Amino acid sequence: VTDDGRCVTWGKHKGSSGPTIHSEREARDDSKAFIWQPSDGAKLTLVACGCKHTAALDDRGRVWTFGDNRRGQLGQRQLSSLPAACPSPLDQWGGEAEPAIKVA
């Protein structure tokens, strides 16, 4: 996480089940760093990385996940054999929830 609240990621993206938040064109260069921040201007405060998935916490208490979700790693309701290419906020399981304070 950068000082201004953005997520920097790099590594194998194209053809992998690992985290990817990049377009097909950008995914061809595994050595290039990519930067992501929620489009509403929220700043990221923590990022936790698993083997093939990532969770990020923003300054509004939302958890964003992306990457492999074959076993429910992303906390999203629907399992998928395809990686979640773009970070998605957890929907708090359909109810009002307290803001998150940590991701691991």
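How much accessible surface does the chain have, and what percentage of it belongs to carbon and sulfur atoms? The accessible surface comes to about 6,500 Å², and 51% of that belongs to carbon and sulfur atoms; areas here come from the Shrake-Rupley method with a 1.4 Å probe, and for residues only the protein chains shown count as cover. The model is a predicted one, so local features need pLDDT of at least 70 and side-chain atom pairs count only at pLDDT 80 or more, while totals for chains, interfaces and linings use all residues. Residues are numbered from 1 along each chain as its sequence is written, and side-chain values use heavy atoms, with hydrogens and water left out.

The overall layout is quickly told. The chain has zero helices and six strands, taking helices (H or I, at least four residues) and strands (E, at least two) as DSSP runs numbered from the N terminus. Along the sequence this reads as β-β-β-β-β-β. Of the 104 residues in the chain, 35% are buried, where buried means under 20% relative accessible area, exposed means over 50%, and partly exposed is in between (1.4 Å probe, protein chains only). As for contacts (heavy atoms within 4.5 Å), 41% of those with a separation of 6 or more are between residues 24 or more positions apart.

Next comes the interior. In soluble globular proteins, nonpolar side chains tend to be buried together. A nonpolar core is taken as a set of buried Ala, Val, Leu, Ile, Met, Phe, Trp, Tyr and Cys residues joined through side-chain atoms within 4.5 Å. The largest such core in this model has six residues: Ala 48, Ala 55, Leu 57, Val 63, Leu 90 and Val 103. Leaving aside residues up to four places away in sequence, Leu 57 touches Lys 43, Leu 44, Thr 45, Leu 46, Arg 62, Val 63, Ala 100, Ile 101, Lys 102 and Val 103. There is also a second, separate core of five residues, with Cys 7, Trp 36, Ala 56 and Trp 64 among them.

Another buried residue is Leu 74, with a relative accessible area of 4%, and Leu 74 is found in the loop between S5 and strand S6 (80-89). Leu 74 and His 53 are 21 residues apart in sequence, with their C-alpha atoms 7.2 Å apart in space. Once residues up to four places away in sequence are set aside, the contacts of Leu 74 are His 53, Thr 54, Thr 65, Phe 66, Gly 67, Asp 68, Asn 69, Ala 84 and Leu 90.

Back to the cysteines. A search for disulfides (pairs of cysteine sulfur atoms within 2.5 Å) turns up zero in the whole structure. Cys 7 is in no disulfide, and the nearest cysteine sulfur, in Cys 49, is 7.0 Å away. Seen from the other end, the sulfur of Cys 49 has its closest cysteine sulfur in Cys 7, at 7.0 Å, which is too far for a bond.

On the outside, Val 8, Trp 10 and Ile 35 form a nonpolar surface patch with about 320 Å² of accessible area together. Patches are made of residues with over 30% relative accessible area and no salt bridge, with like charges joined within 9 Å and nonpolar side chains (Val, Leu, Ile, Met, Phe, Trp, Tyr) within 5 Å. Val 8, from strand S1 (residues 7-9), is partly exposed, at 32%.

Finally, the charged pairs. The structure holds five salt bridges, each a side-chain nitrogen of Lys or Arg within 4 Å of a carboxyl oxygen of Asp or Glu. One of them pairs Arg 6 with Asp 4 (3.2 Å, N to O); Arg 6 is partly exposed at 28% relative accessibility, and Asp 4 is partly exposed at 36%. Another joins Arg 60 to Asp 40 at 3.0 Å, N to O. Arg 60 lies in the loop between strand S4 (53-58) and strand S5 (63-69), and Asp 40 in the loop between strand S2 (34-36) and strand S3 (44-49), so the pair ties together parts that are 20 residues apart in sequence. Asp 40 also meets Arg 62 in a salt bridge (2.8 Å, N to O). This pair links distant parts of the chain, 22 residues apart, with Arg 62 in the loop between S4 and S5. Through shared partners, salt bridges join Asp 40, Asp 58, Arg 60 and Arg 62 into one network.
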